[in-house]
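Please open the model in your viewer and keep the selection tool at hand.

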Amino acid sequence: MARSSGRAAVTATLTLILLLALAAIPAVVYLGSSSTDAPTTTPAARERQTAPVEPDIPEPDYSTFVENSTGSQVSFYRLSDGHRTGTATERFARPALSLIKLYIAEYVLEHGSVTEQYQAIEMISSSDDRSAGRLFQKYPDSISTVARDYGLGSTRSAQQWGFSVTSTYDAVSFIAQLIEQDPTHPILVAMAEADPVAADGYGQDFGTSVLPGVIGTKWGWSDDRDLHSSVSFGENFVVAAAVTGTADDLTGLVEFQLTDEVEDAAEKQSD
């Protein structure tokens with residue numbers, strides 16, 4: 001019994017000490033907040049402290065686009081009503097190949113000499129790599145500037161024009177904007193008058209160009225012929241596609257994915 005009474009007394013003492021310590025905490029906090037060492041807060045400062053903080057919204061970071069050179073891409077735009085369709089991958093940044101020459105040409109037409117403007121047009125028709133190299137060397141900001149001006153979110157320049165990236169979505173958006181500006185824009189005319197055989201001897205007769213109603217096309221292919229792409233326009237549509245594969249692979253893809261859309265666009269144009 002004595003031992004039990006002793007434990008009870010100790011417990012009561014510890015409980016009292018704990019209660020006193022807990023009771024002292026608010027006083028410490030209160031005294032600390034009103035310390036004479038604290039700086040005086042003016043009404044203006046208090047207003048700034050209580051005003052809601054505006055969220056810091058970052059600029060879009062296009063570097064997060066996936067550089068996907070292995071998947072296929074298809075994009076379609078109907079001019080009469082703005083109808084769009086495309087694959088889930090259509091905005092992915094991938095090797096632009098010679099489609100990037102479209103953006104270089106647009107810049108040169110705005111900022112280059114008369115001679116350079118003619119070179120830019122020929123570069124589109126014949127897909128001349130040497131002209132692309134010369135023009136890009138003189139105007140290294142051409143791709144980035146056009147991407148910004150036309151809102152091409154997945155288009156990015158590189159130190160050499162051939163390593164730049166774009167997407168079928170961007171290619172379609174760019175050509176559609178040219179058509180809206182001027183249906184006889186020099187780039188569109190160059191696409192309509194494209195050479196049957198490119199400057200490097202490669203045939204320009206595949207991909208979106210085989211679709212019914214196509215007026216003009218720009219093609220792209222890698223040196224090893226493992227990548228192919230193209231963008232085309234008609235009276236009421238713009239289409240683009242890209243694959244890892246042969247020219248025939250690209251043609252098969254667009255015939256399967258886009259024939260119905262193109263035919264439907266032609267019907268709506270005639271209505």
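Begin by selecting D149 and R148, which form a salt bridge whose closest N and O atoms are 3.3 Å apart, a salt bridge being a side-chain nitrogen of Lys or Arg within 4 Å of a carboxyl oxygen of Asp or Glu. R148 is exposed at a relative accessible area of 60%, where exposed means over 50%, buried under 20% and partly exposed in between, with a 1.4 Å probe and protein chains only. This is a predicted model, in which local features need pLDDT of at least 70 and side-chain atom pairs count only at pLDDT 80 or more, while totals for chains, interfaces and linings use all residues. Residues are numbered from 1 along each chain as its sequence is written, and side-chain values use heavy atoms, with hydrogens and water left out.

Next, select R78, which is buried at 6% relative accessibility, and show D81, its salt-bridge partner with the closest N and O atoms 2.8 Å apart. D81 is partly exposed, at 47% relative accessibility.

D264 is partly exposed, at 27% relative accessibility. Through shared partners, salt bridges join R78, D81 and D264 into one network.

Finally, select D226, in the loop between β5 (216–221) and β6 (227–233), which is partly exposed with a relative accessible area of 41%.

How values were computed: Helices (H or I, at least four residues) and strands (E, at least two) are DSSP runs, numbered from the N terminus.
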